[in-house]
Amino acid sequence: MNHNGHPLDRRRLLAGAAAASAVTLTGLAVAPTTGAAAAAPTRTGAPLVTHDRVGAAALRAPDGAAAAVRVQADFHARLTAWLAFWSANSPRTWSAPAHLVARIEPAGDALVLHAIRYRRDDELHAGFAAARRDATHLATLASLHHHFPSVRPRPDGTIRIGDGPAGFTGAPEQVAFAVAACRELWADPAATAGRWAAHAGRALARAGQPADAASHAGWAAFTRISLRRGLGTESYE
């Protein structure tokens, strides 16, 4: 069942802004599909730029303080595209993200995500919260895996995101996410690390998007449908 109806104007604006200000992620070079995660791009001497927002969302430090951070320009562009994608696939009763609660690491090319807050009825609500291990947590992981090669959940529920071109690399964190998504979002408890792609393929077929989940296009499709299912905007029933 589709709860989105027609896409909202603000979602079109977000997606357009992201496309204008960021690299078109579907056009990035395909990462190798074997071995460990691809290394982050080399940026010898690349200057950091200061931002206090990611897209429409104000940056907030984990302690709640407003945060102006120094970040790599291309990483900020990818974060902007990711947050627009997350928002465009969220329930239509949610506003565009108001706060991104996160910590940027000193090199400016990695972020630790704590929360995403949107506004509804003049109150802030958490669309993602690190301590809340529910479908929205897996959905947010899916959105991040759609846009970044290095996405590592930490024991406290926060998520460390490293910059780089998106794509399936076979990294343990990607496989672990796929197994969890198959089991918890797609009600397929038999999914294992050794056969996750077959189980993810069933989810893709169910969504009318048959593909090899370990391919570049298949990984993008699997993470997209898992985001929508986890946020409750598509059930694919």
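Trainee: Why is Ala187 called exposed?

Mentor: The relative accessible area of Ala187 is 61%. Exposed means over 50%, buried means under 20%, and partly exposed is what lies in between, with a 1.4 Å probe and protein chains only. Ala187 has 61%, over the cut-off, so it counts as exposed. Before we go on, please note that this is a predicted model: local features need pLDDT of at least 70, side-chain atom pairs count only at pLDDT 80 or more, and totals for chains, interfaces and linings use all residues. Residues are numbered from 1 along each chain as its sequence is written, and side-chain values use heavy atoms, with hydrogens and water left out.

Trainee: Where does Ala187 lie?

Mentor: Ala187 is in the loop between α4 and α5. Helices and strands here are DSSP runs (H or I, at least four residues, for a helix; E, at least two, for a strand), numbered from the N terminus. The protein has 6 helices and 9 strands.

Trainee: What makes the phi of Ala187 worth a remark?

Mentor: Most residues other than glycine have a negative phi. Ala187 is not a glycine, yet its phi is positive, near 50°. Asp121 also has a positive phi, about 55°, without being a glycine. Asp121 sits in the loop between β6 (110-120) and β7 (123-129).

Trainee: How do you know whether Asp121 is buried or exposed?

Mentor: Asp121 has 68% relative accessibility, so it counts as exposed.

Trainee: And Pro97: what makes it buried?

Mentor: Pro97 has a relative accessible area of 5%, and therefore it is buried. Pro97 belongs to strand β5 (residues 97-104).

Trainee: Which residues does Pro97 touch, leaving out those up to four places away in sequence?

Mentor: They are Ala56, Ala57, Leu83, Trp86, Ser87, Ile116, Arg117 and Tyr118. To touch is to be in contact, which means heavy atoms within 4.5 Å.

Trainee: Why does His147 count as buried?

Mentor: Its relative accessibility is 5%, so His147 passes as buried. His147 is part of helix α3. The C-alpha atoms of His147 and Leu79 are 8.3 Å apart, although 68 residues separate the two along the chain.

Trainee: How much of the protein is buried?

Mentor: Of its 237 residues, 51% are buried.

Trainee: Why is the pair of Trp86 and Trp94 called tilted?

Mentor: The whole structure has 10 aromatic pairs. In this one, the ring centres are 5.7 Å apart and the planes stand at 35°. Rings of Phe, Tyr and Trp (its six-membered ring) pair if their centres lie within 6.5 Å; planes under 30 degrees apart count as stacked, over 60 as edge-to-face, and the rest as tilted.

Trainee: Why are Trp219 and Phe222 said to be about one helical turn apart?

Mentor: They are 3 residues apart in helix α6 (residues 216-231). An α-helix has 3.6 residues a turn, so residues three or four places apart point the same way.

Trainee: Which residues touch the most other members of the largest nonpolar core?

Mentor: Trp82, Leu100, Leu111, Leu113, Trp196 and Phe222 do, among 55 residues in that core. Helix α4 gives the largest share, 8 residues. A nonpolar core is a set of buried Ala, Val, Leu, Ile, Met, Phe, Trp, Tyr and Cys residues joined through side-chain atoms within 4.5 Å.

Trainee: Which residues of helix α5 (residues 196-206) are buried?

Mentor: Trp196, His199, Ala200, Gly201, Ala203 and Leu204 are the buried ones. They pack against α4 and α6.

Trainee: What follows α5?

Mentor: Gly208 does, and its phi is positive, near 75°.
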